[in-house]
Amino acid sequence: MNLESLYRQVIMEHYKYPKNKGLVNDDSYQTVHLNNPSCGDDINVQIKIVDGKIIDIKHDGHGCSICCSSASVMSQTLMGKTVEEAEKIINNFLTMLKGEEFDEEIEMMDARVYQGVAQFPARIKCASLSWKAIEKGINESK
């Protein structure tokens, strides 16, 4: 199995069986809604930060497999991280999506499977939507 097939498999797994999906009715969460009108992706992300640490992330929405799977991967990748660690990972992920040199030393778990998205500029927004929503949630919580 080549790397591209493996990446596709990981993306489809997160799309079919998303982690941390479903919003909560809790005012202690920062909620951010973003959408991508050009392709119909629409996502809500919730983040709970306590003492500078991300203790929970929830997401819900609809869209393409790249958008929805990326939200699942994002939630798993950033959960339990400090705000500072999360910001580094988010910046590294967004840099990678643009096809630019990124820091391979930063642990990104399954997020690395979106590296090939850089070859499809129209899909970069799909993969980055939930990451930009969580980044906005972190900034709003400060």
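Here are some numbered notes on the fold, going from the sheet to the helices and then to a few single residues.

1. Ground rules. This is a predicted model, in which local features need pLDDT of at least 70 and side-chain atom pairs count only at pLDDT 80 or more, while totals for chains, interfaces and linings use all residues. Residues are numbered from 1 along each chain as its sequence is written, and side-chain values use heavy atoms, with hydrogens and water left out.

2. Three strands make an open sheet in the order 1-2-3, with antiparallel pairing. Strands here are DSSP runs of E with at least two residues, helices are runs of H or I with at least four residues, and both are numbered from the N terminus. Two strands pair if DSSP finds at least two bridges between them. Strand 1 and strand 3 are the edge strands, each pairing on one side only. From one strand to the next the twist averages 20°. As a reminder, strands of a sheet pair through backbone hydrogen bonds, either parallel or antiparallel.

3. Strands 1 and 2. Seven antiparallel bridges link strand 1 (residues 30–36) to strand 2 (residues 41–50).

4. Strands 2 and 3. Here the antiparallel pairing runs over nine bridges, with strand 3 covering residues 53–62. Val 50 stands opposite Lys 53 in strand 3. This is a hairpin too, with two residues between the strands. One of the residues to look at in that loop is Asp 51, which has a positive phi of about 50° although it is not a glycine. At 80% relative accessibility, Asp 51 counts as exposed. For burial, the cut-offs on relative accessible area are under 20% for buried, over 50% for exposed and in between for partly exposed (1.4 Å probe, protein chains only).

5. Helix 1. Residues 3–16 make up this helix of 14 residues, and its span from first C-alpha to last is 20 Å, close to the 20 Å expected at 1.5 Å a residue. The expected span is 1.5 Å times one less than the number of residues. Its buried residues are Tyr 7, Val 10, Ile 11 and His 14. Seen down the helix axis, these buried residues fall within an arc of 95°, so they line one face of helix 1. That arc is taken over the directions from the helix axis to the C-beta atoms. What they pack against is helix 2 (65–78), where contact means heavy atoms within 4.5 Å.

6. Helix 2 and helix 4. Helix 2 packs at about 35° to helix 4 (residues 121–141), with the axes 8 Å apart. The crossing is right-handed; the convention is that the near helix is turned clockwise from the far one by less than a right angle, and anticlockwise for left-handed. Axes are lines fitted to C-alpha atoms, for helices over the stretch in contact, and angles run from 0 to 180 degrees between N-to-C directions. Residues making the contact include Ile 66, Ser 70 and Met 74 of helix 2 and Cys 126, Trp 131 and Ile 134 of helix 4.

7. Ser 69. This residue is found in helix 2 and, at 0% relative accessibility, counts as buried. Leaving aside neighbours within four places in sequence, Ser 69 is in contact with Ile 11, His 14, Tyr 15 and Tyr 114. Its C-alpha is separated by 11 Å from that of Gln 9, which is 60 residues apart along the chain.

8. Helix 3. Residues 83–97 give 15 residues spanning 21 Å from first C-alpha to last, close to the 21 Å expected at 1.5 Å a residue. Among the buried residues of helix 3 are Ile 89, Ile 90, Phe 93 and Leu 97. The buried residues of this helix pack against strand 2, strand 3, helix 2 and helix 4. After helix 3 comes Gly 99, with a positive phi near 80°.

9. Asn 20. Worth a look in the loop between helix 1 and strand 1, Asn 20 has phi near 60°, a positive value in a residue other than glycine. At 22% relative accessibility, Asn 20 counts as partly exposed.
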